[in-house]
Amino acid sequence: MAEEKIPGRGAAQNPENRFESIHIEWDEEDPEGAQTQYFRDASRSILAANDSPDVPFRFSLNPYRGCEHGCIYCYARPSHEYLGWSAGLDFETRILVKTDAPELLRRALSAPGWQPQVVALSGNTDCYQPAERRFGLTRACLEVFREFRNPVGVVTKSALVLRDLELLADLARQRLVHVAISVTTLDRELTRRLEPRAAQPAKRLEAIRELARAGVPVAVMIAPVIPGLNDEEIPAILSAAAEAGAMSAAYVLLRLPAPVDRLFDDWLQRHLPERRGRVLGRIQQCRGGRLNDVRFGSRMRGEGDYAKQIQALFRLMARKSGLDRPLPELDTTNFRRPQVGQLSLW
């Protein structure tokens with residue numbers, strides 16, 4: 001493996017923004033160019049709605065836009081282009097912080113039309129990314145969910161989730177939370193290159209272990225499964241997660257929307273040139289000869305013989321590991337809107 005051009009970063013370039021006519025090249029001689037910058041996000045709402053038939057939640061909440069974890073494969077990278085930035089280094093280094101997220105969430109849950117339901121915390125970027133250590137917005141939002149007794153599902157690949165173990169355990173006792181820990185590989189070196197600022201595999205397994213011990217329903221997510229790269233690790237990941245205390249498992253096949261397809265190809269050329277042809281070829285086998293497929297129903301699992309082999313392997317090993325069951329259903333019946341400044345008569 002060749003050394004990465006920018007230590008601690010997944011992307012090594014800022015590809016042109018498809019929606020902008022002007023493109024600013026990243027200056028490789030500028031040591032400050034890859035430093036993380038934080039910007040205030042002035043969003044006036046916090047819950048994003050979706051009606052995708054292959055997404056298991058209606059609403060999601062993302063306290064941050066962009067993600068310093070730097071996972072080269074991240075399907076959320078193109079969202080930075082709508083901000084006028086690049087899906088490459090900009091996505092990892094220019095992080096928008098929704099400082100009003102807790103209050104906006106409180107306002108949304110207080111609305112008369114809100115129907116209690118599970119909200120996904122991290123539907124796009126990781127809610128426990130490094131920015132959370134500084135800003136604490138994820139914890140503050142979890143406290144709002146507890147205040148309203150509205151259920152929440154957390155997805156992360158960060159061991160920082162254990163900072164909030166006591167809070168999550170309290171939510172779990174009220175059947176108000178699930179946590180899914182994403183484990184892409186057990187290979188420390190591959191993790192360092194593929195997900196440069198995310199937790200190492202052992203730390204993620206430890207997070208599963210501690211959450212389970214605290215009574216928090218926890219699942220393992222193999223997301224993404226990259227054909228020809230980490231699909232052979234499915235049995236080992238599921239076995240390790242089950243041993244750590246996971247109750248359930250799921251996977252998502254690699255998605256490469258433009259321009260992530262080019263970024264991922266560049267990453268392969270820099271880090272795994274000897275495996276590039278194999279990986280891209282296997283992806284194409286699962287995507288009808290393409291690198292990406294946006295169709296509902298096939299975008300998460302792929303199609304063709306190789307995709308079916310991955311699915312069969314996952315199902316077999318999940319069953320053998322005891323992870324072929326859903327997490328316990330969360331409770332919406334105790335939802336409440338706290339009355340501020342008004343005494344109860346009872």
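Analyst: A quick convention before we start: helices (H or I, at least four residues) and strands (E, at least two) are DSSP runs, numbered from the N terminus. This is a predicted model, where local features need pLDDT of at least 70, side-chain atom pairs count only at pLDDT 80 or more, and totals for chains, interfaces and linings use all residues. Residues are numbered from 1 along each chain as its sequence is written, and side-chain values use heavy atoms, with hydrogens and water left out.

User: How are the planes of phenylalanine 264 and tryptophan 267 arranged?

Analyst: Rings of Phe, Tyr and Trp (its six-membered ring) pair if their centres lie within 6.5 Å, with planes under 30 degrees apart counted as stacked, over 60 as edge-to-face and the rest as tilted. The whole structure holds six aromatic pairs. For phenylalanine 264 and tryptophan 267, the centres are 5.9 Å apart and the planes sit at 15°, so the pair is stacked.

User: How far apart are phenylalanine 264 and tryptophan 267 along helix 9?

Analyst: Both belong to helix 9, residues 260-271. They are three residues apart there, so the separation is about one helical turn.

User: Which way does helix 9 run relative to helix 10?

Analyst: Axes are lines fitted to C-alpha atoms, for helices over the stretch in contact, and angles run from 0 to 180 degrees between N-to-C directions. The axes of helix 9 and helix 10 (residues 276-286) come within 9 Å and cross at roughly 150°. Angles under 35 degrees count as roughly parallel, over 145 as roughly antiparallel, 65 to 115 as roughly perpendicular and the rest as oblique. That makes helix 9, relative to helix 10, roughly antiparallel.
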